[in-house]
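I opened this notebook page to record what I looked up in the structure. The entries follow in the order in which I made them.

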Amino acid sequence: MGSLQDQLLQAGLTTSHKAKVAKSEKRKQQKKPKKGATSNPSDLQKHIQQTKLEQQKKAEELNQARQGELKQREQVARVKQILEHHNQDSIRGERTFNFTYENKVKELDVNEQTQKALSGGRLAICVLEGQFFVLEDEPARKVAEVDEKYIVFHVEPEVKGKDADDPYADFEVPDDLVW
């Protein structure tokens, strides 16, 4: 059995000319561009280029986020190495040294020498992952270069000359008063 068109021709319901015209119309319909499709090659190239740019931009943003995360991890590792290497272990004593951390007063049991060094700025208190470390001034400055948020307590030593008009200039103010 042939196609419907062949059957209609055999039955005499249509002519061969009408069949050819119908065939050509059908082919023209199939060749028509679909909705949303562009027949202009430059439009297609623009669309492809725009898609590539969007993908590249997305990839760059992802890469920047990864680089930032990697940099953050690297900073934490560097700070951790400095803190663990320069931590003062011989600071424990019978005196309590109070300092503020996250709007709360924290205390650290230290000896008298450490207390004087902390208040004089020769030692600093740093924090990492909830653990407190006591460092000398130089390593504490290295930690501060990486990020200030790790420094909890560090007194900057005052470097100012004596005031000529100060009547109490000859008297030393004790920093070891216990209230």
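Entry 1. I worked from a predicted model. I began with α3 and looked for its buried residues, which are Q75, V79, I82 and L83. I then looked up what these buried residues pack against, and found β3 (123-128), β4 (131-136) and α5 (137-146).

Entry 2. I checked the length of helix α3, which covers residues 41-86. Its 46 residues, at 1.5 Å a residue, should span 68 Å, and the end C-alpha atoms are 67 Å apart, so the two values agree.

Entry 3. I turned to the pairing of α3 with α5. Their axes come within 10 Å and cross at roughly 170°. Because angles over 145 degrees count as roughly antiparallel, I noted α3 as roughly antiparallel to α5. On the α3 side, the contact is made by Q75, R78, V79, I82, L83 and H86. On the α5 side, P139, K142, V143 and V146 take part. I sorted the contact of α3 with α5 by class and recorded six nonpolar, two polar and two charged residues. Q75, V79, I82 and L83, listed as buried in Entry 1, are among the α3 residues in this contact.

Entry 4. Lastly I looked up N111. Where does N111 lie? N111 is in the loop between β2 (104-110) and α4 (112-120). Is N111 buried or exposed? Its relative accessibility is 17%, and buried means under 20%, so N111 counts as buried. Leaving aside residues up to four places away in sequence, I found that N111 touches S90, I91, R92 and G93.

How values were computed. Residues numbered from 1 in each chain as written. Predicted model: local features only at pLDDT ≥ 70, side-chain atom pairs only at ≥ 80, totals over all residues. Heavy atoms only, no water. Helix = DSSP H or I, 4+ residues; strand = E, 2+ residues; numbered from the N terminus. Buried < 20%, exposed > 50% of the residue type's maximum accessible area, 1.4 Å probe, protein only. Contact = heavy atoms within 4.5 Å. Expected span 1.5 Å × (residues − 1). Axes fitted to C-alpha atoms, helices over the stretch in contact; angles between N-to-C directions. Parallel < 35°, antiparallel > 145°, perpendicular 65-115°, else oblique. Nonpolar A, V, L, I, M, F, W, Y, C, P; charged D, E, K, R; others polar.
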